[in-house]
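Work through the following exercises with the structure open beside you, and try each task before you read its solution.

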Amino acid sequence: MGNYGGTFHIFTFRLPQKRVMPQYIGEYSCKLDDKGRVIIPAALKKQLPKDQVKALVVNRGFDKCLTLFTKKEWLVETKKLDNLNEFNRKDRRFKRLFNSGATEIGMDNASRILIPKKLIEYAEFEAELIFYAYGNKIEIWSKKNYEDQMEIDPDEFSDLAEEVMSPQPDDDD
């Protein structure tokens, strides 16, 4: 075997990492104090990335609830708004409404968050709240609004599941 005097180059490269969304789960009852603070339930806090609990964002949700995100997830959600057309009136309005009330908050050493007064009013909060966690978001509901939202006849729930979960025929067929 001969020595060719060649140089060997080793190239390394990284494949792009697919972003893994958090998958929160659970329904938790808690109390809002007179100052607008609420303790994040321990079982829910365990699901939050430890390095992100000091930077949370709370905002108006749909159906008279609030939505709680880590700051990192909030940035992912708001990035989706970049695809909307600034020259379209409905797109501009949606962007404004979606961001209206968004407030960066942190969790204190007692695992409490302070909810801004205008968001408490929007979501019609009283003393009893429900944290409802699913997918990458955590909704915060007044107990009354949550119970009203979740009240459904089993047959109606079955019909709803059939409607939204059944495969839709292609428009081309």
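This is a predicted model: local features need pLDDT of at least 70, side-chain atom pairs count only at pLDDT 80 or more; totals for chains, interfaces and linings use all residues.

**Exercise 1.** Find which parts of the chain are linked by the salt bridge between Glu104 and Lys71.

*Solution.* Begin with the contact itself, in which the side chains of Glu104 and Lys71 come to 2.9 Å, taken from N to O. Next, place each partner: Glu104 belongs to strand E5 (residues 103-105), while Lys71 belongs to helix H2 (residues 71-79). The two residues are 33 residues apart, and the pair therefore links distant parts of the chain.

**Exercise 2.** Decide whether Asp82 and Lys79 are buried, partly exposed or exposed, and explain how the classes follow from the values.

*Solution.* First note that Asp82 and Lys79 form a salt bridge whose closest N and O atoms are 3.1 Å apart. Then recall the cut-offs, by which a residue is buried under 20% relative accessible area, exposed over 50%, and partly exposed in between. Asp82 has 48% relative accessibility, so Asp82 counts as partly exposed. Lys79 has 55% relative accessibility, so Lys79 counts as exposed.

**Exercise 3.** Identify the residues that make the nonpolar surface patch of about 520 Å², and then examine Phe157 within it.

*Solution.* The patch is made by Ile152, Phe157, Leu160, Val164 and Met165. Turning to Phe157, you will find this residue in helix H6 (residues 154-165). Its relative accessible area is 52%, so Phe157 is classed as exposed, because the cut-off for that class is over 50%.

Key:
Residues are numbered from 1 along each chain as its sequence is written. Side-chain values use heavy atoms; hydrogens and water are left out. Patches are made of residues with over 30% relative accessible area and no salt bridge: like charges are joined within 9 Å, nonpolar side chains (Val, Leu, Ile, Met, Phe, Trp, Tyr) within 5 Å. Accessible areas come from the Shrake-Rupley method with a 1.4 Å probe; for residues, only the protein chains shown count as cover. A salt bridge is a side-chain nitrogen of Lys or Arg within 4 Å of a carboxyl oxygen of Asp or Glu. Helices (H or I, at least four residues) and strands (E, at least two) are DSSP runs, numbered from the N terminus. Buried means under 20% relative accessible area, exposed over 50%, partly exposed in between (1.4 Å probe, protein chains only).
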